[in-house]
Amino acid sequence: MAQRTTVVVLAAGEGTRMKSALPKVLHCIAAKPMVAHVLAAARACGADRLALVAGPGREDVAAAARQIAPGISVFTQHERRGTAHAVLAARDAFAKGENVLVLFGDTPLLRPESLRELRAALSGAAVAVLGFRAKNPRGYGRLLTENGKLVAIREENDATEAERAVDLCNAGVMALAGKHALSLLSAIDNRNRKQEFYLTDAVALAVSRNLGAAVIEAPEEEVMGVNDRKQLSEAEAVLQKRLRDAAMDAGVTLTAPETVFLSADTKFGRDVVVEPNVVFGPGVTIGDNVTIRAFSHLEGATVGSNARVGPFARLRPGAKLAAEVHIGNFVEVKEATLGKGAKANHLAYIGDASVGEGTNIGAGTITCNYDGKNKHRTEIGNRAFIGTNSSLVAPVKIGDRAYIGSGSVIVADVPADALALGRGRQFVKKDWAKQQAQGSKNGSKQKKAAPAKQKTGNKSAKRKAAKLGKKGRKR
Ligand code: UD1
Ligand code: MG
């Protein structure tokens, strides 16, 4: 049987520089917590078991980890005594001689490919380290080599001037061969400036025991750690670029990629066109040949093939559009399904509803889904026609092919094939305007008398009424 691997994610740091009530590893990039990115990379590199080390009392981190990766073993590091000490808090997860891969919860951009390479390097060494060439090495552990071979990692605090000049740095990711992991980790002491148990000391120990140490180099961008909100935004930018590139590689046209924001889980079909300034929140799936027009916001939505969305459309969680649906400007859809070819082209709210195939939702249509306490559903059949500016007061059902007259307030079910009108009847007074005009010519007395009839007490109110009266006549 192939050697099994346990990934141990360290997340017991305090993350004080985030200045946040939320633990650092739960801050999101591309709409997903950093620790979820790390766990996804761990899974994708083929780990057999996942473990996470959280700080004392961090039930929120533990709960999130269990939700992201059911089956993960969560351990508590009761005192923050260094990275080796933290790994040993999870020793039960590799007690059967599994290889150990140590990752940091705040290093979210790691690619599974690099982790696989690192694991593979264990075939010739007891310890393998992910290194990178740092533009500015300050603060990082330096990888010290002799004749091209890794011999030690020196933390900045303990490094000599010459060692500090080295730009090959420790990314913090380390693989330890199962046969030696526990013995090496247990031998690490805390004789250093910070009096911490440094995981990095495993390298010199392995070399002194002739077990061998190896380095795998990764691009700096991939190993970037997040300590504050600025670095969080930098990591976001790197990830957005990756996601946009991946979408374009898969056949999506992004007219202005730098203005489109994606989530880690955004799914596209082929020949999708995304115009500028579109935001994809979590949980969006887009079918083939869909156009998402400019300034739209989508979240938790499914869009069928050949559909058209936007400009300025908002799809909220639970929006499910079948093929060929058109959603136009200033239309909001929430928790609603729209059947094939249904259209809502302008200014509408469709919430807690089902809309049948080929149904047309006129401009200004509102599903009145909320009565102040509960949400209710609106069910509209196939090929129905909802006239403009209609309010559909839920719960309500509108049958197939039914017509709703413009401006209706629909409070009761409408059967199939029926016409429903729910509005004031139009009243026409013939020649009314002409009579008004003549009346004002005939006597200015009448004109002055009119406001006096108002039952308003104070003078300014009277003046206002007079003005309104004038305006009314002008029309
Ligand atoms: C560490 C490395 C350094 C490397 C750098 C890369 C060590 C000793 N040093 O330094 O070589 O260049 O990362 O970013 O490993 N943690 C715990 N418990 C602890 C201490 C740390 O869980 O007791 C966790 C932190 O939450 C964090 C990670 O371990 O996720 C790294 O700790 P941190 O204090 O940031 O180490 P650095 O000084 O950055
Ligand atoms: Mg750090």
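A: Start in strand E24, which covers residues 343–355 and holds Asp 352. Keep in mind that this is a predicted model. What makes Asp 352 worth a look is its phi, near 50 degrees, a positive value in a residue other than glycine. Its relative accessibility is 9%, and because the cut-off for buried is under 20%, Asp 352 counts as buried.

Asp 431 sits in the loop between strand E33 (419–420) and helix H9 (432–442). With a relative accessible area of 46%, Asp 431 is partly exposed.

While we're on backbone geometry, look at two prolines. Gly 310 and Pro 311 are joined by a cis peptide bond, with omega about 0 degrees, and Pro 311 belongs to the loop between strands E20 (308–309) and E21 (314–315). The bond from Ala 394 to Pro 395 is also cis, omega near 0 degrees; you'll find Pro 395 in the loop between strand E29 (391–393) and strand E30 (396–398).

Val 393 and His 376 are 17 residues apart in sequence, and their C-alpha atoms are 8.7 Å apart in space. His 376 lies in the loop between strand E26 (366–368) and strand E27 (378–380), and a relative accessible area of 22% makes it partly exposed.

Now for the ligand. The loop between E1 and strand E2 (28–29) holds Ala 12, which is buried at 13% relative accessible area. Along the chain, Pro 23 is 11 residues from Ala 12, and their C-alpha atoms are separated by 9.6 Å. A polar backbone atom of Ala 12 is 3.1 Å from an oxygen atom of ligand 1. Leu 10 has a polar backbone atom 3.3 Å from a ligand 1 oxygen, and for Gly 141 a backbone N or O atom lies 2.9 Å from one. Taken alone, ligand 1 exposes 750 Å², and the protein buries 84% of that. Strand E1 (5–11), helix H3 (83–89) and strand E10 (168–176) are the elements that give two or more residues to the shell. There are 19 residues around ligand 1, and those that come nearest are Gly 13, Gln 77, Gly 82, Glu 155 and Asn 170. By class, the shell splits into 8 nonpolar, 7 polar and 4 charged residues.

Last stop: the second largest pocket, with a volume of about 320 Å³. Its lining has 16 residues, and His 37, Leu 110, Pro 112, Leu 239 and Arg 242 are the closest to its centre. Helices H1 (34–44), H4 (112–120) and H8 (229–249) each give two or more residues to that lining, which comprises 11 nonpolar, 1 polar and 4 charged residues.

Helix H1 is mostly covered, with 8 of its 11 residues buried. His 37 is among them, along with Met 34, Val 35, Ala 36, Val 38, Leu 39, Ala 41 and Ala 42. After H1 comes Gly 46, with a positive phi near 95 degrees.

Definitions and conventions: Residues numbered from 1 in each chain as written. Chains lettered and ligands numbered in written order. Predicted model: local features only at pLDDT ≥ 70, side-chain atom pairs only at ≥ 80, totals over all residues. Heavy atoms only, no water. Near = heavy atom within 4 Å. Polar contact = N/O pair within 3.5 Å; in protein donor to acceptor, adjacent residues only side chain to side chain. Areas by Shrake-Rupley, 256 points an atom, 1.4 Å probe, with all protein chains shown as cover. Helix = DSSP H or I, 4+ residues; strand = E, 2+ residues; numbered from the N terminus. Nonpolar A, V, L, I, M, F, W, Y, C, P; charged D, E, K, R; others polar. 1 Å grid on protein atoms, 1.4 Å probe; cavity = no way out; pocket = protein on both sides within 12 Å on 5 of 7 lines; lining within 4 Å. Points joined across faces, edges and corners; volume = space filled by probe spheres on them. Buried < 20%, exposed > 50% of the residue type's maximum accessible area, 1.4 Å probe, protein only.
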